[in-house]
Amino acid sequence: MKYKERHNYFKLQTKRRSYPFNWGKRFGNKGYYIEPTIFSNVKEDMLISQDEIFGPVMVLSKFKSIEERIEKANSSKYGLASGIVTKNMDIANTVSRSIRA
């Protein structure tokens with residue numbers, strides 16, 4: 001995805017009330033590189049939650065149960081990478097064994 005296309009993609013997500021940290025500014029003068037960007041308040045039906053945009057982009061979304069999050073993570077058609085942030089090692093182990101990424 002070229003820089004301008006990615007920037008327009010980010011603008012679309014903010015119209016849907018997803019909030020970016022750092023807005024994916026251009027990185028360097030060559031290529032289509034952007035700075036790492038994190039989106040919060042991401043809903044499952046948003047494009048940024050479903051597409052792989054091949055950039056240093058992370059989406060944060062709320063969930064009610066670990067089982068719900070595992071099911072949604074495994075229903076993604078891409079699943080190139082995933083991450084777990086928790087203080088509870090039992091949860092980290094359960095989730096890491098359950099997610100297909």
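Which backbone oxygen does the side chain of Thr37 reach? The side chain of Thr37 reaches the backbone oxygen of Glu35, at 3.1 Å. This is a predicted model, and the values below are computed from it.

**Overall layout**

The protein has four helices and three strands. Along the sequence they follow the pattern α-β-β-α-β-α-α. Of the 101 residues in the protein, 20% are buried. Take the contacts between residues at least 6 apart in sequence: 38% of them join residues at least 24 apart.

Thr37 sits in strand 2, which covers residues 37–40. Its relative accessibility is 1%. Thr37 therefore counts as buried, since the cut-off is under 20%. The 3.1 Å approach to the backbone oxygen of Glu35 is made by the side chain of Thr37.

Ile34 belongs to the loop between strand 1 (19–21) and strand 2. Ile34 has a relative accessible area of 6%, so this residue is buried too. Where does the chain come back to Ile34? Gly55 is 21 residues away along the chain, yet the C-alpha atoms of Ile34 and Gly55 are separated by 7.0 Å.

Asn41 is placed in the loop between strand 2 and helix 2 (47–50). Its phi is near 65 degrees, a positive value in a residue other than glycine. Most residues other than glycine have a negative phi. Asn41 is partly exposed, with a relative accessible area of 31%.

**Helix 3 against helix 4**

Helix 3 spans residues 66–74. Helix 4 spans residues 89–98. How do the two pack? Their axes lie 10 Å apart, at an angle of about 25 degrees. Angles under 35 degrees count as roughly parallel, and helix 3 and helix 4 are therefore roughly parallel to each other. The crossing of helix 3 past helix 4 is right-handed.

Which residues meet at this contact? Helix 3 brings Ile66, Ile70 and Asn74, while helix 4 brings Ile91, Val95 and Ser98. By type, the residues of this contact divide into four nonpolar, two polar and no charged.

Ala73 is another residue of helix 3. With a relative accessible area of 24%, Ala73 is partly exposed. Ala73 and Ser98 are 25 residues apart in sequence, but their C-alpha atoms are 9.5 Å apart in space.

Buried or exposed: what is Lys77? Lys77 has a relative accessible area of 65%, so it is exposed. Tyr78, at 40%, is partly exposed.

Both residues have a C-alpha separation from Gln50 listed in the table. For Tyr78 there are contacts as well. Leaving aside neighbours within four places in sequence, Tyr78 is in contact with Gln50, Asp51 and Glu52. Gln50 falls within helix 2 (47–50).

**C-alpha separations**

The table gathers the pairs named above.

| Pair | Separation in sequence | C-alpha to C-alpha distance |
|---|---|---|
| Ala73 and Ser98 | 25 residues | 9.5 Å |
| Tyr78 and Gln50 | 28 residues | 7.9 Å |
| Lys77 and Gln50 | 27 residues | 7.6 Å |
| Ile34 and Gly55 | 21 residues | 7.0 Å |

How values were computed:
Residues are numbered from 1 along each chain as its sequence is written. This is a predicted model: local features need pLDDT of at least 70, side-chain atom pairs count only at pLDDT 80 or more; totals for chains, interfaces and linings use all residues. Side-chain values use heavy atoms; hydrogens and water are left out. Buried means under 20% relative accessible area, exposed over 50%, partly exposed in between (1.4 Å probe, protein chains only). A polar contact is a pair of N or O atoms within 3.5 Å; within protein, one must be able to donate a hydrogen and the other to accept it, and residues adjacent in sequence count only if both atoms are side-chain atoms. Axes are lines fitted to C-alpha atoms, for helices over the stretch in contact, and angles run from 0 to 180 degrees between N-to-C directions. Angles under 35 degrees count as roughly parallel, over 145 as roughly antiparallel, 65 to 115 as roughly perpendicular and the rest as oblique. A crossing is left-handed if the near helix is turned anticlockwise from the far one by less than a right angle, and right-handed if clockwise. Contact means heavy atoms within 4.5 Å. Ala, Val, Leu, Ile, Met, Phe, Trp, Tyr, Cys and Pro count as nonpolar, Asp, Glu, Lys and Arg as charged, and the others, Gly among them, as polar.
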